[in-house]
Each structure stands twice: as C-alpha cells, then as structure tokens.
Amino acid sequence: MAVKVMIPTPLRQFTGKQSSIECNAATVGEALGSLTGTFSDLKKHLFTEDGKIRSFVNVYLNDEDIRFLSKENTPTKDGDTISIVPSIAGGSEEHN
Amino acid sequence: MAILDDTMQKQEVKLSREEIQRYSRHLIMPEVGMEGQLKLKRARVLTIGTGGLGAPLGLYLAAAGVGHLGLVDFDVVDSSNLQRQVTFTTADVGKPKSEAAKARLSALNPAIEIVSYETRLTSDNALDLFRDYDIIVDGTDNFPTRFLVNDACILLGKPNVYGSIFRFEGQATVFGYPDGPCYRCLYPEPPPPGLVPSCAEGGVLGVLPGIVGSIQAMETIKLILGAGDPLVGRLLLFDALAMRFRELKLKKNPDCPMCGTHRTITKLIDYEEFCGIRGEEAPAMTDGIAEITATELKARQDRGEKLFILDVREPHEFQICNLNGKLIPLGELPRRVNELDSSVEMVVHCRSGKRSADAIHFLQTAGFKKLLNLKGGVLAWADEVDPRMPKY
C-alpha cells in the first residue's frame with residue numbers, strides 16, 4: 001500500500017530535511033521499519049532498544065492514534081497518511 | 001459547562017457604561033451578548049508563562065474582558081524575547097516579565113483584575129495557585145512544567161488549554177475536560193533531556209507563538225462562553241511554512257496513570273527528576289562531567305596548549321560565531337565519532353553547555369575519557385573572554 005509518512009520538525013534532521021516520505025507498506029509497523037531502514041539515525045529516536053515505539057512519540061494512521069487501533073499491526077490502505085507526533089514543549093522563552 | 005457554573009452562580013456582576021461601550025462588538029453578537037460578556041467578567045483564568053505564547057494570550061484575554069487574569073512568570077525580559085513576546089517593549093528589558101505584562105494588559109483594559117505572580121511554578125505552589133482559578137492556560141516552554149501543569153489541573157479538576165511550538169510547528173488542544181484526555185494520555189513520559197531542543201537551541205519563527213497563543217485565547221474564551229466546539233479530544237497541528245492545519249484525534253487513555261480508571265498518580269511529583277534533569281543551572285555537574293570555564297580555556301590556549309575543540313552546534317550557529325572548533329552537530333555525533341581521537345584531550349562546547357553535556361555523555365559511553373565541557377558554552381566565552389563575540 002502506498003502510504004505517506006509525515007516527519008515532524010525535530011526529526012527532519014535525520015531524514016535529509018524531508019517533511020514527508022512515501023513508502024510501500026502493509027502495516028504501520030512496516031512503514032516505520034522502512035523509514036528507519038532508509039534513515040538509520042531515526043531509529044533510536046523512534047524506537048527503544050527492544051524495538052518498541054518510544055512513549056514520547058505518538059503515531060497516527062490518518063487521524064487515529066494507533067494505540068487505539070492495532071498498534072504497529074494496524075493495516076494501511078493506499079493513500080493513507082502516517083503521522084509521527086513527538087511531544088514538543090516550546091512556549092514562552094528560552095529556558096536554559 | 002459544569003466547571004464554570006459554580007462561579008457563575010456565586011457572583012453578581014454588572015457591566016458599567018464604559019464596559020458596555022468597550023465590549024460593544026461582543027454584545028451585539030448573539031453568541032456572546034450581555035450574558036456572555038458577564039461570563040467573561042466572572043471568569044478567572046491563570047496563564048502560566050508570559051512569553052511567546054503568553055503574550056498574545058494575555059492581550060486577547062484582557063481585551064475580551066476576562067475579569068480575573070493571573071500571570072505566572074519568574075523570568076525577566078531579555079532583548080532576545082522581543083522577536084516574539086509582543087507585550088514587552090525595549091524599555092522593559094531587565095524588568096520582571098510578570099510585572100511588565102501586567103502593566104501592558106492593565107493599560108489595555110483597566111476594568112479587569114490582573115494579578116502577577118513573579119514565581120517559578122513548582123510542585124509546592126501549583127495546587128494553591130491553581131485553586132482560585134477556573135481555567136489554566138499552559139504557555140510554558142519545558143517538559144517538567146508541562147507535566148506539572150497537567151497533573152495539577154487533573155488533581156483539581158480544571159481544564160488546561162495547551163499550546164506548544166517548535167520552530168515553525170505548533171500544537172494546541174484542551175486537556176483536563178471531563179471525559180477528555182489529559183497530557184499524560186498523549187505522552188505518558190517525557191523525552192530524554194537533549195532529544196527535543198528548546199527554542200533557545202531549536203529557534204522559533206517569532207510570529208508562530210503569536211498564532212498558537214491566539215488560538216489558546218480563542219479556546220479559553222469559547223470554554224468560558226460555552227460556545228462552539230472546543231479542542232477537547234482534538235490535537236490541532238499547525239505547520240506554518242506549509243500553512244496547513246491538521247487535526248488528530250486525542251482519546252482518553254483508560255490506562256492513563258493520571259486520569260485513567262486505575263490512576264496511580266495522586267499527588268504532584270518531582271518533575272525535574274521525572275524528566276531526567278537534575279538541576280537547571282548545571283545538569284552536567286552531578287553527572288561526573290569535568291568542566292572548564294571559558295576563562296580557563298583561554299588561559300590554557302594562551303600558554304600554548306593545543307586543546308582539541310569539538311563544537312556540537314548546528315552549521316548555522318557556527319556561522320554566527322565559533323571558537324574554531326571541529327563542527328560535528330550533536331545529532332551526527334554517533335555516526336561521526338570515528339573522526340575523533342580519544343587519546344587527545346577534548347573540550348566540547350555548544351551554545352550554553354547543555355548539548356555539549358549530552359555529547360560528553362555519549363562520548364563517555366563510546367570509551368572517551370579525556371573530555372571537558374565548556375561551562376556556559378559560547379555564551380560564557382562572550383561574557384568572560386571576548387565581548388565582541390555575538391550572543392544569540
């Protein structure tokens with residue numbers, strides 16, 4: 001299934017600045033695997049050492065959180081969009 | 001709006017002639033009217049942070065006639081704030097932000113009550129501070145405070161109008177609504193320190209918090225009025241460069257430790273520890289990282305010592321100013337560590353000392369031992385050694 005993966009700003013440094021990547025995958029997990037296969041620096045930012053998606057990153061298939069679908073096994077259709085949404089905290093000012 | 005009904009019933013307020021004239025554009029709208037304007041006047045809103053998000057937020061809430069505004073900020077105005085914190089003027093540089101914001105908002109609308117709290121929000125004061133307010137608006141800029149605000153709101157049953165930004169992307173939603181999700185439903189844990197840069201390190205398009213903060217003001221006003229569809233259960237994502245808004249569904253997580261069916265968190269915790277930060281001023285100090293001050297580094301260089309300098313900032317920062325170090329951005333370090341010689345003593349630096357501390361942690365796991373963190377980064381070099389070096 002041809003899907004598009006949206007890359008959030010903090011992670012674009014690992015995807016050659018691309019804001020979205022097209023790939024072929026039957027499930028969300030496959031799409032993420034394909035992504036981290038191509039961009040290996042991304043892997044440790046998205047996954048823990050035992051291969052689970054990190055808890056400060058949420059993954060959506062279209063507008064649904066995959067935690068409430070079938071997680072990485074959620075099947076995809078042609079034209080689906082997978083969004084990676086990490087927590088960002090910027091708000092008021094510098095906070096060093 | 002169960003949350004605001006109690007307040008409405010307790011207080012008898014009226015609008016003066018001046019207020020009727022001031023709010024006339026609200027009063028002639030059926031969605032607001034006299035009844036809505038009185039709700040605004042009775043409402044008590046606490047804004048956490050008076051910076052990038054807090055500026056438009058405060059201005060629009062004051063303009064709308066929110067009767068009781070609390071402004072929490074411990075910091076002072078810095079010239080680098082003026083790129084986006086539009087409540088302040090150049091003359092305010094050096095003044096406490098909460099005071100400067102209060103002055104500005106009072107000038108805009110003297111009819112409302114504004115209380116400034118020049119204090120850092122902590123686990124010790126959050127519950128007491130929040131208790132007197134109906135709605136909390138989160139305009140903060142760091143993960144520990146985000147979690148603190150969330151948890152305090154859930155414990156007290158107050159809605160939390162959330163907004164956050166990074167470079168040119170923003171997020172907005174309303175947490176803490178009955179049957180709605182909380183921040184921990186979305187993010188049970190914070191990212192490890194250093195993984196997601198702050199605005200100081202990542203930068204931000206100045207006008208972006210202007211947009212997201214205004215959205216927060218809009219959502220706050222909608223909650224008070226009971227009008228429209230608030231962003232409960234909806235995460236609004238804004239990409240300013242593409243000028244696109246997207247929306248994702250936020251569900252209440254039944255396993256959420258804060259607001260789920262079997263909550264495990266029943267009081268506020270040490271959020272700095274939770275987020276892996278052990279001390280804001282010098283996170284490196286307690287982690288066994290050796291430091292060198294800018295003054296010491298200069299002295300050693302003047303004595304003819306050849307110290308290897310590793311700069312872990314981004315290329316565009318190197319162009320602003322640099323110490324002639326070898327540039328390997330932090331994110332590339334794991335891949336390029338082979339370019340470094342572990343037998344040579346190395347001074348690692350960034351802008352302020354945080355990223356370089358993270359770099360040193362990584363290098364230590366890679367077997368490097370002769371490492372020194374430049375305390376305070378290039379900012380300290382500009383302060384102590386070379387005043388001509390631009391600070392950013």
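Author: One cut-off to start with. A residue is buried if 20 or more other C-beta atoms lie within 10 Å of its own, and exposed if 12 or fewer do. Also keep in mind that this is a predicted model.

Reader: Fine. Is D179(B) buried or exposed, and why?

Author: D179(B) counts as exposed, because 8 C-beta neighbours lie inside 10 Å. D179(B) sits in the loop between β6 and α9 (183-186) of chain B.

Reader: What is its phi?

Author: The phi of D179(B) is positive, about 65°, although D179(B) is not a glycine.

Reader: And M243(B), what is its phi?

Author: Positive as well, about 50°, and M243(B) is not a glycine. M243(B) lies in a loop, between β7 (234-239) and β8 of chain B. M243(B) counts as exposed because it has 7 C-beta neighbours inside 10 Å.

Reader: Step back. How many helices and strands in chain B?

Author: Chain B has 17 helices and 13 strands.

Reader: What about the overall dimensions of chain B?

Author: The C-alpha trace of chain B spans about 75 × 50 × 40 Å along its principal axes. The radius of gyration of chain B is 24 Å. For 392 residues, a compact globule would be near 21 Å, so the two agree.

Reader: How much of chain B is buried?

Author: Of its 392 residues, 46% count as buried.

Reader: And which domains does the assignment give for chain B?

Author: Domain 1 covers 2-274 and domain 2 covers 285-384. The C-alpha centres of domain 1 and domain 2 of chain B are 38 Å apart.

Reader: Contacts in chain B: what share join residues at least 24 apart?

Author: 68%, counted among contacts between residues at least 6 apart in sequence.

Reader: Now the partner. How many residues of chain B are in contact with chain A?

Author: 45 residues of chain B, and they contact 28 residues of chain A.

Reader: Which elements give two or more residues to that side of chain B?

Author: α8 (143-156), β5 (160-166), β6 (169-175), α10 (199-202) and β8 (244-249) of chain B. The largest share comes from β5(B), with four residues.

Reader: How does that side of chain B split by class?

Author: The side of chain B that touches chain A has 17 nonpolar, 17 polar and eleven charged residues.

Reader: You listed α8. Where is V149(B)?

Author: V149(B) is in helix α8 of chain B.

Reader: Is V149(B) buried or exposed, and why?

Author: V149(B) counts as buried because it has 29 C-beta neighbours inside 10 Å.

Reader: What does V149(B) touch?

Author: Leaving out residues up to four places away in sequence, V149(B) touches I48(B), I136(B), D138(B), T140(B) and N160(B).

Reader: Last topic, helix α16 of chain B. What should it span?

Author: Helix α16 (residues 354-365) should span 16 Å, because it has twelve residues at 1.5 Å a residue. The end C-alpha atoms of α16 are 17 Å apart, which agrees.

Reader: Which residues in α16(B) are buried?

Author: K354(B), R355(B), S356(B), A357(B), D358(B), A359(B), I360(B) and L363(B).

Conventions. Residues are numbered from 1 along each chain as its sequence is written. Chains are lettered from A and ligands numbered from 1 in the order in which they are written. This is a predicted model: local features need pLDDT of at least 70, side-chain atom pairs count only at pLDDT 80 or more; totals for chains, interfaces and linings use all residues. The radius of gyration is taken over C-alpha atoms; the globule rule is 2.2 Å times the number of residues to the power 0.38. Two residues are in contact if their C-beta atoms, placed from the backbone, lie within 7 Å. Ala, Val, Leu, Ile, Met, Phe, Trp, Tyr, Cys and Pro count as nonpolar, Asp, Glu, Lys and Arg as charged, and the others, Gly among them, as polar. Domain bounds come from an automatic or database domain assignment. The expected span of a helix is 1.5 Å times one less than its number of residues.
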